[in-house]
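This report describes a structure by its accessibility, sheet, cores and backbone angles. The sequence and the structure come before the text.

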Amino acid sequence: MVFRSQKCGERRIYLERIRRLEGYMKEILFVNACVREEESRTLKLAQTFLEGYQRAHPEDHIIHRNLMKDRLSPLYPETLAEQHALEAAGKLDQPMFEAARQFVAADKIVIAAPFWELSFPAILRIYLERISVVNLTFGYGPEGEHLGFCKAEKMLLITTRGGDFTGEQAWMEMGARQLNALCHMFGIGGFQCLSADGLDDVKNDPEAILAKASQQAEALATEF
């Protein structure tokens with residue numbers, strides 16, 4: 001496959017210039033992967049963060065993307081072939097890439113996803129597959145070097161976990177680690193994770209854990 005490295009490099013320079021601009025309205029992309037919707041503890045924590053962020057940054061605009069409503073389909077053989085053909089032809093303005101175009105244009109990204117099976121729900125994995133588009137969210141330079149083209153300066157994952165995966169069991173946690181790696185792939189400068197752990201441990205007080213996490217969310221909202 002031939003990659004348009006020169007154009008990709010020019011896009012990278014352009015996005016870096018945009019990042020240096022001060023005083024302009026920033027767009028925050030909120031990706032909601034909370035399958036239980038309003039009953040989700042993760043979503044409630046995310047809402048606390050978003051409300052705090054809007055108070056601290058009233059000039060910014062939050063874009064909500066609800067993956068339950070999107071119902072994005074996985075990349076089956078025929079859709080994968082279509083994607084590769086469009087990528088090779090440089091037709092990145094096609095509807096198939098709408099989610100990727102929105103993702104690459106965001107100034108900051110917030111993802112809310114519960115901790116399922118050591119990672120996150122499948123709907124988020126499908127979304128990540130659909131935004132991973134060559135010469136749009138990432139690409140390669142003339143020497144084969146990896147290039148990320150996303151405008152976002154940082155990404156935040158908000159999650160809740162039944163067990164505690166912050167200590168000795170941290171190696172089992174694969175959701176935050178995958179997103180952190182993807183930030184590097186997409187050229188996103190920083191990654192943070194806000195989590196409430198141990199909510200289903202009978203020895204713990206889940207309300208107290210969530211209250212503490214909510215305080216952390218409000219504090220983080222002012223500086224994110």
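A residue counts as buried under 20% relative accessible area, as exposed over 50%, and as partly exposed in between, using a 1.4 Å probe and protein chains only. The model is predicted: local features need pLDDT of at least 70, side-chain atom pairs count only at pLDDT 80 or more, and totals for chains, interfaces and linings use all residues. Residues are numbered from 1 along each chain as its sequence is written, and side-chain values use heavy atoms, with hydrogens and water left out.

**Accessibility and cysteines**

| Residue | Relative accessibility | Class |
|---|---|---|
| Cys-183 | 2% | buried |
| Asn-135 | 7% | buried |
| Leu-118 | 27% | partly exposed |
| Cys-193 | 34% | partly exposed |
| Glu-37 | 36% | partly exposed |

With a disulfide defined as a pair of cysteine sulfur atoms within 2.5 Å, the structure holds zero disulfides. For Cys-183, the closest cysteine sulfur is that of Cys-150, at 8.7 Å, which is too far for a bond.

**Sheet**

Helices (H or I, at least four residues) and strands (E, at least two) are DSSP runs numbered from the N terminus. Two strands pair if DSSP finds at least two bridges between them. Five strands form an open sheet with parallel pairing, in the order β2-β1-β3-β6-β7. The edges are β2 (61-66) and β7 (190-196); each has a single partner strand, so one side of each is left without a neighbour in the sheet. From one strand to the next the twist averages 15°. Strand β1 (residues 27-32) runs parallel to β2 and is joined to it by six bridges. Within this pair, Val-31 stands opposite Arg-65 in β2.

Axes are lines fitted to C-alpha atoms, for helices over the stretch in contact, and angles run from 0 to 180 degrees between N-to-C directions. Contact means heavy atoms within 4.5 Å. Helix α5 (residues 98-105) lies across β1, β2, β3 (108-112) and β6 (154-160), and runs at about 150° to β2. Its buried residues are Ala-99, Ala-100, Phe-103 and Val-104. These cover an arc of only 125° around the axis, so they are on the same side of α5; the arc is that of the directions from the helix axis to the C-beta atoms.

**Nonpolar cores**

A nonpolar core is a set of buried Ala, Val, Leu, Ile, Met, Phe, Trp, Tyr and Cys residues joined through side-chain atoms within 4.5 Å. The largest one has 39 residues, and those touching the most other members include Phe-103, Ile-109 and Phe-186. Two or more residues each come from β1, α5, β3, α6 (122-131), β6 and α7 (175-186). The largest share, six residues, comes from α7. Not counting residues up to four places away in sequence, Phe-103 touches Leu-29, Ile-109, Tyr-127, Ile-131, Thr-137, Cys-150, Met-155, Phe-186 and Ile-188. Another core, of 23 residues, lies apart from this one and has Tyr-53, Ala-217, Leu-220 and Phe-224 among its members.

**Loops**

Most residues other than glycine have a negative phi. Leu-118, not a glycine, has a positive phi of about 70° and sits in the loop between β3 and α6. Asn-135, also not a glycine, has a positive phi of about 70° and belongs to the loop between α6 and β4 (138-140).

Glu-37 is in the loop between β1 and α2 (41-56). Leaving aside neighbours within four places in sequence, Glu-37 is in contact with Leu-43, Asn-66 and Met-68. Glu-37 and Asn-66 are 29 residues apart in sequence, with a C-alpha to C-alpha distance of 9.4 Å.
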